[in-house]
Amino acid sequence: MTTVLTGSPSLPGLLARGAVLSPFKRPRPDAEFPSTRLVLPGLRVDLARLAAYERVCGFATGDDALPITYPHVLGFPLAMRLMSTREFPLPLLGLVHTSLGITRHQRLTATGTYELSVHVDGLVPHRRGTEAVVVTEIRDGEAVVWESRSRYLARHRTEDGHRAEPPGVSEAHKPSEASEPLPAVAEWRLAGDVGRRYGAASGDRNPIHLHPLTARLFGFPRAIAHGMWTVARCLAAHGTPERALVEAEFRAPVLLPGTVTYAARGGRFELRGGKERVHLAGRVYPLTS
């Protein structure tokens with residue numbers, strides 16, 4: 001079923017509804033999930049909000065091109081609308097973004113007009129619970145010019161301790177094999193307000209990112225950086241080809257304020273903390289066909 005929207009949903013109300021419904025959810029990988037495809041035609045980018053996003057993530061400002069991660073920001077309210085419904089079987093509270101795959105087929109101009117769509121592609125068993133796979137697509141006319149697949153994990157008891165992988169799962173979604181650490185490129189000192197600044201630019205004002213007091217309500221000693229900020233900041237430093245595939249795995253939260261090391265070699269990149277703890281690992285591949 002396709003539902004056509006006339007505007008982007010308001011995130012605060014969706015967060016509140018999802019929080020209220022969360023205690024009543026009973027997640028499992030064989031649960032029913034909403035088959036609705038949300039479509040927002042005639043999408044145009046707010047250039048002031050885009051500039052704020054570029055500044056907080058480290059992208060160059062003033063270029064008539066969207067950063068490769070920015071369409072995720074545009075699609076997030078639609079994803080939240082799906083994940084905050086009664087029909088979505090995973091509780092919104094505690095849901096963890098575990099991995100991301102982005103395919104950019106062509107350069108997206110900041111002044112263009114696009115069609116945005118989001119749907120839940122399925123539920124996947126995980127050794128720690130159940131993951132939902134959420135697909136976001138941007139179309140320019142009939143052509144898909146940008147698409148992503150995000151996995152969100154709801155932790156719960158499982159029948160065994162093994163993760164069941166569906167056919168065709170990317171290597172970025174599997175535990176990485178031991179390899180030589182990537183060489184350090186830069187050390188970044190992150191201010192305590194990074195979460196608030198990114199939240200203002202992206203609209204994602206989850207309380208775990210905003211203030212130590214609200215983060216402690218969810219078990220964190222301090223506020224943590226948005227996972228999508230960490231991957232955007234790394235890609236701003238790394239760079240991406242015009243046509244590219246990006247895969248990233250979110251492994252551990254980044255506490256704010258704090259210091260992290262950006263490391264990279266070739267197409268691989270990492271964000272590391274103290275004692276070489278890897279917060280984020282990813283790859284960039286050029287598309288050749």
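Student: How do I read α2 against α4: are they roughly parallel or roughly antiparallel to each other?

Tutor: Quick background: this is a predicted model, where local features need pLDDT of at least 70 and side-chain atom pairs count only at pLDDT 80 or more, while totals for chains, interfaces and linings use all residues. Residues are numbered from 1 along each chain as its sequence is written, and side-chain values use heavy atoms, with hydrogens and water left out.

Now the general idea: two packed helices are described by the angle between their axes and the distance between the axes. Axes here are lines fitted to C-alpha atoms, for helices over the stretch in contact, and angles run from 0 to 180 degrees between N-to-C directions. For helix α2 (residues 47-57) and helix α4 (residues 194-202), the axes come within 8 Å and cross at roughly 155°. So α2 and α4 are roughly antiparallel to each other. The cut-offs: under 35 degrees is roughly parallel, over 145 roughly antiparallel, 65 to 115 roughly perpendicular, and the rest oblique.

Student: What is the handedness of that crossing, left or right?

Tutor: α2 passes α4 in a left-handed crossing. That word applies if the near helix is turned anticlockwise from the far one by less than a right angle; clockwise is right-handed. On the α2 side, R49, A52, Y53, R55, V56 and C57 make the contact, and they meet V194, R197, Y198, A201 and S202 of α4. Contact means heavy atoms within 4.5 Å. Sorted by class, the contact of α2 with α4 has seven nonpolar, one polar and three charged residues. Here Ala, Val, Leu, Ile, Met, Phe, Trp, Tyr, Cys and Pro count as nonpolar, Asp, Glu, Lys and Arg as charged, and the others, Gly among them, as polar.

Student: And at what angle do the axes of α2 and α6 cross?

Tutor: Roughly 75°, with the axes coming within 9 Å. That makes α2 roughly perpendicular to α6. Y53, V56 and C57 are the α2 residues here, facing W229, A232, R233 and A236 in α6. This contact divides into six nonpolar, no polar and one charged residue.

Student: Which way do α1 and α3 run against each other?

Tutor: The axes of helix α1 (residues 11-21) and α3 come within 9 Å and cross at roughly 30°, so these two are roughly parallel. Their crossing is left-handed. L11, L14, L15 and R17 in α1 meet F76, P77, M80 and R81 in α3. The tally is six nonpolar, no polar and two charged residues.

Student: On to the sheet. In what order do the strands sit?

Tutor: Strands of a sheet pair through backbone hydrogen bonds, either parallel or antiparallel. In this model, eleven strands form an open sheet in the order β1-β2-β4-β5-β6-β3-β8-β11-β10-β9-β7, with mixed pairing. At the edges are β1 (2-4) and β7 (184-190), each of which pairs on one side only. On average, neighbouring strands are turned by 20° against each other, direction ignored. Helix α3 (residues 70-83) packs on this sheet, and its direction makes about 55° with that of β4. Helix α6 (residues 227-238) lies across several strands, including β8 and β11, and runs at about 130° to β10. Strands (E, at least two residues) and helices (H or I, at least four) are DSSP runs, numbered from the N terminus.

Student: Over how many bridges do β5 and β6 pair?

Tutor: Twelve, in the antiparallel sense. Two strands pair if DSSP finds at least two bridges between them. V135 stands opposite R149 in β6. The hairpin of β5 and β6 has two residues between the strands, and G141 takes a positive phi near 70°. On β3, the antiparallel pairing with β6 runs over eight bridges, and S99 stands opposite R151 in β6.

Student: Which residue in β11 is the bridge partner of F250?

Tutor: L280. Strand β8 (residues 244-250) and strand β11 (residues 278-286) pair antiparallel over seven bridges, and L245 stands opposite Y285. L280 is also the bridge partner of L271. β10 and β11 pair antiparallel over five bridges and form a hairpin with five residues between them, where K275 in the turn has a positive phi of about 55°.

Student: Which residues does the "domain: MaoC-like" annotation cover?

Tutor: Residues 196-260, according to the unreviewed UniProt entry. UniProt positions are given in the numbering used here, feature names are shortened, and annotations may be inferred rather than shown by experiment. In the model, that span is 37% helix and 15% strand, and its end C-alpha atoms lie 18 Å apart.
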